[in-house]
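Let's explore a protein chain together, one question at a time. Keep the sequence and the picture beside you as you read.

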Amino acid sequence: MRLFLQIVTGILLLGYPLAVYFGLNYLPAGTIAMVLCFILILRLLIQKQQVKAMILPIIVGIGLTAASFIAKRHDWLLYYPVVINLSMLMLFVYSLKLGPSMIERLARLKEPELPDEAIPYLKKVTQIWCGLFVFNGSVALYTAHYASLEIWTLYNGLIAYLLIGSLLGGEWLYRTIWLNKS
């Protein structure tokens with residue numbers, strides 16, 4: 001049951017921008033803030049600190065959604081993508097400073113005995129991810145402040161995911177085609 005709830009809450013949180021859009025347009029005031037707050041609390045409870053670095057954005061998300069409901073400030077819901085990007089940026093930068101880099105850690109899950117020459121490449125990929133988080137977070141902040149709800153939803157609910165998928169796919173393609181030739 002716990003795995004099922006983790007999957008469901010994970011999917012719901014991926015759909016956060018769409019939930020905000022539909023909730024603000026079609027549900028009674030405050031309803032979507034309560035629902036999202038409940039989902040985040042549920043996620044925190046079932047996660048059991050498996051990914052300690054992701055506890056902070058979940059707690060901040062709970063605070064944002066609860067405060068949005070209490071203060072009747074539905075625009076606060078728009079800042080959660082900023083929090084996620086900032087959290088991921090801090091996590092990746094922290095890994096660059098203290099090592100091993102985040103991408104090296106992830107690579108070692110699949111291949112524990114990485115060759116030494118892979119380490120600089122993995123560090124560079126981690127730096128590229130940091131750049132993406134800066135860009136995504138900046139655009140998320142801009143759309144939360146200045147764009148319509150439709151533009152905010154389009155960027156944070158589609159374009160940001162396409163950028164992340166492009167970086168994942170592009171790096172995988174580069175690694176499998178070009179690096180394996182050497």
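Two residues are in contact when heavy atoms of theirs lie within 4.5 Å. Bear in mind that this is a predicted model.

Q: Which residues does Glu171 contact, leaving aside its neighbours within four places in sequence?
A: Start by finding Glu171 in helix H8, which covers residues 149-177. Buried means under 20% relative accessible area. Glu171 has 14%, so it counts as buried. Once neighbours within four places in sequence are set aside, its contacts are Tyr121 and Val125.

Q: What percentage of the residues in the chain are buried?
A: The C-alpha trace spans about 60 × 35 × 30 Å along its principal axes. The chain has 182 residues, and the buried ones make up 37%.

Q: Which residues have the most contacts inside the largest nonpolar core?
A: This core has 23 residues. H2, H3, H4, H5, H7 and H8 each give at least two residues to it, and H3 gives the largest share, six residues. The residues with the most contacts inside the core are Tyr16, Val20, Tyr80 and Trp152.

Q: Which residues does Tyr16 touch, not counting residues up to four places away in sequence?
A: Tyr16 belongs to helix H2, where Tyr16, Pro17, Val20, Tyr21 and Gly23 are buried. The cover over the buried residues of H2 includes H1, H3, H4, H5 and H8. Beyond residues up to four places away, Tyr16 touches Leu36, Thr65, Leu77, Tyr80, Pro81 and Trp152.

Q: How far apart in space are Trp152 and Leu18, C-alpha to C-alpha?
A: Trp152 sits in helix H8, and with 0% relative accessibility it counts as buried. Among the residues it touches are Tyr16, Pro17 and Val20. In sequence, Trp152 and Leu18 are 134 residues apart, but from C-alpha to C-alpha the distance in space is 9.8 Å.

Q: Is Val82 buried or exposed?
A: Look for Val82 in helix H5. Leaving out residues up to four places away in sequence, Val82 touches Gly137, Ala140 and Leu141. Its relative accessible area is 17%, and the limit for a buried residue is under 20%. Val82 is therefore buried.

Q: Is Lys72 buried or exposed?
A: Lys72 is found in the loop between H4 and H5. Although Lys72 is not a glycine, its phi is positive, about 55°. A residue is called exposed when its relative accessible area is over 50%. Lys72 has 65%, so it counts as exposed.

Q: At what angle do helix H5 and helix H6 pack?
A: On the H5 side, Leu91, Phe92 and Ser95 meet Met102, Ile103 and Arg105 of H6. By class, this contact has four nonpolar, one polar and one charged residues. The two helices are roughly perpendicular to each other. Their axes are 8 Å apart, and the angle is about 85°.

Q: Which peptide bond is cis, with omega near -15°?
A: Go to the loop between H5 and H6, where Pro100 has its place. The cis bond there is the one from Gly99 to Pro100.

Q: How far apart are the end C-alpha atoms of residues 77-96?
A: An unreviewed UniProt entry lists residues 77-96 as a transmembrane region, along with 29-46, 53-71, 128-148 and 154-174. In the model, residues 29-46 are 89% helix, with end C-alpha atoms 28 Å apart. Residues 77-96 are 85% helix and 0% strand, and their end C-alpha atoms are apart by 31 Å.

Terms used:
Residues numbered from 1 in each chain as written. Predicted model: local features only at pLDDT ≥ 70, side-chain atom pairs only at ≥ 80, totals over all residues. Heavy atoms only, no water. UniProt positions renumbered as here; feature names shortened; annotations may be inferred. Helix = DSSP H or I, 4+ residues; strand = E, 2+ residues; numbered from the N terminus. Axes fitted to C-alpha atoms, helices over the stretch in contact; angles between N-to-C directions. Parallel < 35°, antiparallel > 145°, perpendicular 65-115°, else oblique. Nonpolar A, V, L, I, M, F, W, Y, C, P; charged D, E, K, R; others polar. Buried < 20%, exposed > 50% of the residue type's maximum accessible area, 1.4 Å probe, protein only. Core = buried A, V, L, I, M, F, W, Y, C linked by side-chain atoms within 4.5 Å.
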